Amino acid sequence: MDWLETQSNYLALHIGDATFLICQIIKAFETQLDPRQFARVHRRAMVSLYNIQDLKPRINGDAELRLRTGQVVRVSRSY
């Protein structure tokens with residue numbers, strides 16, 4: 001799994017070019033993942049630490065995380 005995001009009452013698991021929806025809240029799913037491999041970066045997103053390419057700070061204190069797949073994920077300053 002490269003990253004995941006909330007979508008209403010579902011979680012969208014992004015694995016390569018595929019996206020899978022599961023009916024679970026992010027907080028419950030987070031407890032099932034190894035914290036050495038996955039990190040919560042926003043209230044709506046988690047990423048695989050192995051797939052991070054770079055991190056660019058934004059003016060407002062947040063950041064943008066670029067994954068090896070090219071996907072950009074917002075990082076909240078509170079995470």
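Student: Which residues of strand 7 are on its covered face, and which are on the uncovered one?
Tutor: In this predicted model, the covered face of strand 7 consists of A63, L65 and L67, while E64 and R66 make up the uncovered face.

Student: What core do A63, L65 and L67 belong to?
Tutor: They are part of the largest nonpolar core, which has nine residues in all and also takes in W3, V41, A45, V47, V73 and V75. Strand 5 (45–48), strand 7 (63–67) and strand 8 (72–75) each supply at least two residues of this core, and the largest share, three residues, comes from strand 7.

Student: And where's the other core, which residues are in that?
Tutor: Another core, of eight residues, lies apart from the largest one, and L11, L13, F29 and F38 are among its members.

Student: OK, switching to pairing: how many bridges join strand 6 to strand 7?
Tutor: Five bridges join strand 6, residues 52–57, to strand 7, and the two run antiparallel; within strand 6, D54 stands opposite R66 of strand 7. The hairpin of these two strands has five residues between them, and G61 there takes a positive phi near 100°.

Student: What about strand 8, how does that pair with strand 7?
Tutor: Strand 7 and strand 8 pair in the antiparallel sense over four bridges, with V73 in strand 8 as the bridge partner of L65. They too form a hairpin, with four residues between the strands, and G70 in the turn has a positive phi of about 95°.

Notes. Residues are numbered from 1 along each chain as its sequence is written. This is a predicted model: local features need pLDDT of at least 70, side-chain atom pairs count only at pLDDT 80 or more; totals for chains, interfaces and linings use all residues. Side-chain values use heavy atoms; hydrogens and water are left out. A nonpolar core is a set of buried Ala, Val, Leu, Ile, Met, Phe, Trp, Tyr and Cys residues joined through side-chain atoms within 4.5 Å. Buried means under 20% relative accessible area, exposed over 50%, partly exposed in between (1.4 Å probe, protein chains only). Two strands pair if DSSP finds at least two bridges between them.
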